[in-house]
Amino acid sequence: MYLKKSKSVGASSPLNGIGKQDWDSRRKRKMGEIAQALSVTPVDVAALRRMAISEGGLLTDEIRCQVWPKLLNMNTDNLPEKPAADLRENHKDYHQVLLDVRRSLRRFPPGMPDDQREGLQEELIDIILHVLDRNPQLHYYQGYHDIVVTFLLVLGERLATVLVEKLSTHHLRDFMDPTMDNTKHILNYLMPIIERVNPEVHDFMQQAEVGTIFALSWLITWFGHVLSDFRHVVRLYDFFLACHPLMPIYFAAVIVLHREEEVLECECDMASVHHLLSQIPQDLPYETLISRAGDLFVQFPPSEMAREAAQQHSQQTAASTFKDFELASAQQKPDSVLRRRRRERAAAQAQAQAQTQAQDMAVARPRARRLVRLAVMGLTVALGAAALAVVNTALEWAPKLDLHLFP
Amino acid sequence: MEAIWIYQFRLIVIGDSTVGKSCLLRRFTEGKFTDISDPTVGVDFFARLVEIEPGKRIKLQLWDTAGQERFRSITRSYYRNSVGGLLVFDLTNRRSFEHLKDWLEEAKMHVQPFQIVFLLVGHKCDLIQLRQVSREEAEKVALAFGMKYIETSAKDTVNVEESFTVLTRDIYERVKRGEISIQEDWEGVKSGFVPNVVHSSEEAVKPGRRCPC
């Protein structure tokens with residue numbers, strides 16, 4: 001059974017407006033539980049994680065102000081002073097940051113007075129430059145401002161500055177390398193996850209050679225760039241902040257899988273499929289998708305996917321995988337190399353299949369596994385546990401070096 | 001059913017950040033213009049049909065690219081499968097003009113073994129007061145690069161249609177003369193007639209799956 005078939009789950013989601021009374025009472029109870037978790041010493045971070053993941057997330061921006069910093073184990077006692085003005089002139093990325101922030105009107109609430117918005121845009125520039133200046137190892141990318149603006153709007157400048165700095169050195173660290181190699185590597189998780197759940201969609205996308213660039217802006221902006229409703233964005237941020245740094249790529253996979261029928265109906269060519277997928281429908285059943293992404297994460301954890309992400313259908317030997325990394329690091333075109341190799345292998349497989357049909361010796365692809373629905377508690381506990389020790393970047397969690405362990 | 005086209009050309013739009021690539025494309029494909037537009041994160045896709053001669057339509061696949069340098073490792077993989085490109089600079093931004101050479105070198109390096117037909121586009125020509133590059137100067141550079149030059153404004157809808165048509169016609173002529181030919185394993189130019197027929201017959205047999213591969 002593929003993901004799509006259990007669509008009815010979404011009907012009970014609060015965002016769909018059904019079962020309102022029931023949701024009101026659950027919401028009240030949840031607010032009580034969050035207050036309880038915040039009131040104990042030390043704060044019950046595990047409980048807060050569960051709240052951030054489970055239905056409705058953290059409910060209000062007031063709660064987010066209190067809980068988001070806790071999810072990142074932040075100390076909010078000593079907030080930084082306003083950054084010095086000379087930062088602006090001296091920073092190498094200042095020009096690009098300025099250009100991008102000044103033209104990001106879409107990310108501010110419609111109807112906000114111009115002067116208020118302009119003030120916030122200046123704060124946005126300050127936060128970004130402050131973080132970059134204090135962490136010279138971090139590099140600005142177009143799309144980073146889409147993430148930072150969300151934190152600014154919810155937390156205000158001072159708290160956002162501290163949180164964004166922590167996030168940038170952890171969850172977002174891989175995106176902020178001098179090159180985009182690690183970002184591309186994280187995108188490589190997408191197709192193996194899709195393959196596990198729905199091999200047909202996976203094969204169709206491979207045949208179309210659509211690649212994964214359609215999901216690039218989703219990943220590096222945590223969907224902030226592509227979702228127009230701010231409520232959806234903060235709900236997703238609840239989820240991502242409470243989870244493993246690779247969770248956004250699982251969520252990306254879930255969106256593709258949710259659109260299974262549309263994908264299979266699409267013309268099987270790169271442009272058509274890219275175009276279809278890059279346009280995210282604005283009425284996605286977020287609660288359902290969040291819980292599915294959690295399910296996928298637990299069943300196909302990064303440690304299991306790392307190999308496939310790295311190998312991405314190259315032959316199952318460490319040597320050829322290593323070759324792929326060599327190509328990648330030499331800034332050649334690993335994608336086309338992989339594509340060619342995949343085609344060659346498919347041809348070889350077809351031949352082998354014909355020859356050894358009787359013995360059924362054809363190279364087996366990892367079988368699609370039935371997606372098991374986990375109880376919400378079980379899921380949130382598992383995810384919370386995985387995320388509790390959030391101190392590393394996505395790739396440190398599931399390093400490329402894992403390859404050496406799996407010859 | 002999609003309108004019938006004789007060829008499909010894949011074009012790429014490149015140039016520095018904020019020169020107006022996305023605005024130009026949005027004006028051309030949707031007829032819309034906003035004074036302020038979000039930066040492109042990664043690669044965006046647009047499509048439109050143009051009529052090159054009465055009754056002869058060409059389908060354009062248009063790839064819009066992020067201008068920031070760090071995205072080049074991603075955008076450069078789009079050069080190889082493009083038959084044409086708009087090389088855009090901002091007439092009010094001298095730097096974007098000075099970077100044209102880098103963009104062209106980048107493109108040439110990654111298009112091998114194919115070739116791209118470029119059109120040089122001086123954008124934002126409505127901002128007369130702020131102009132930092134003269135037409136003569138730009139024309140001289142275009143001549144040196146071996147490409148045509150056009151000045152456009154997405155805001156005032158000046159030469160938007162023309163820029164794409166000029167480039168499309170240029171490519172079309174080369175295809176007719178046999179200088180550019182359709183090749184397997186290359187997406188730059190595709191012929192519209194034959195595959196369409198194959199598609200529709202396959203559709204009848206296998207609804208929902210149109211993949212000819």
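Because the model is predicted, local features need pLDDT of at least 70 and side-chain atom pairs count only at pLDDT 80 or more, while totals for chains, interfaces and linings use all residues; side-chain values use heavy atoms, with hydrogens and water left out.

The side of chain A that touches chain B draws two or more residues from each of helices H5 (94–102), H7 (144–155), H11 (199–208), H12 (216–220), H15 (260–265) and H16 (270–278) of chain A. Helices (H or I, at least four residues) and strands (E, at least two) are DSSP runs, numbered from the N terminus. H5(A) gives the most to this side, with five residues. By class, the side of chain A that touches chain B comprises 16 nonpolar, 15 polar and 13 charged residues. In this classification, Ala, Val, Leu, Ile, Met, Phe, Trp, Tyr, Cys and Pro count as nonpolar, Asp, Glu, Lys and Arg as charged, and the others, Gly among them, as polar.

In total, 44 residues from chain A and 34 residues from chain B take part in the contact, contact meaning heavy atoms within 4.5 Å. The size of an interface is often given as the accessible area lost when the parts come together. Between chain A and chain B the buried area is about 3,400 Å², of which carbon and sulfur atoms give 53%; buried area is the accessible area (1.4 Å probe) that two parts lose on being put together, summed over both. One salt bridge is counted between the two chains. The side chains of A:Arg106 and B:Asp38 form a salt bridge at 2.9 Å, N to O. A salt bridge is defined as a side-chain nitrogen of Lys or Arg within 4 Å of a carboxyl oxygen of Asp or Glu.

Over all chains, the whole structure holds 34 salt bridges. In one of them, the side chains of A:Asp238 and A:Arg64 meet at 2.8 Å, N to O. This pair links distant parts of the chain, 174 residues apart, with A:Asp238 in helix H13 (residues 230–242) and A:Arg64 in helix H3 (residues 61–71) of chain A. Both A:Asp238 and A:Arg64 are buried, where buried means under 20% relative accessible area, exposed over 50%, and partly exposed in between (1.4 Å probe, protein chains only). A salt bridge of 2.3 Å, N to O, joins the side chains of A:Arg196 and A:Glu308. Here helix H10 (residues 190–197) of chain A, which holds A:Arg196, is linked to helix H18 (residues 302–311) of chain A, which holds A:Glu308, the two residues being 112 apart. Both A:Arg196 and A:Glu308 are buried.

In chain B, the closest N and O atoms of the salt bridge between B:Asp35 and B:Lys155 are 3.8 Å apart. B:Asp35 lies in the loop between helix H1 (21–30) and strand S2 (43–53), and B:Lys155 in the loop between strand S6 (148–152) and helix H6 (160–176), 120 residues apart. B:Asp35 is exposed, with a relative accessible area of 61%, whereas B:Lys155 is partly exposed at 39%. A network of salt bridges links B:Arg131, B:Arg135, B:Glu139 and B:Glu151.

Strand S1 (residues 7–14) of chain B has eight of its eight residues buried. In a regular strand the side chains alternate between the two faces of the sheet. In S1(B), B:Tyr7, B:Phe9, B:Leu11 and B:Val13 are buried on one side, and B:Gln8, B:Arg10, B:Ile12 and B:Ile14 on the other. S1(B) pairs in the parallel sense with strand S3 (residues 56–65) over seven bridges, and with strand S4 (residues 84–90) over four bridges; two strands pair if DSSP finds at least two bridges between them. B:Val13 stands opposite B:Asp64 in S3(B), and B:Ile14 opposite B:Leu87 in S4(B).

Technical notes: Residues are numbered from 1 along each chain as its sequence is written. Chains are lettered from A and ligands numbered from 1 in the order in which they are written.
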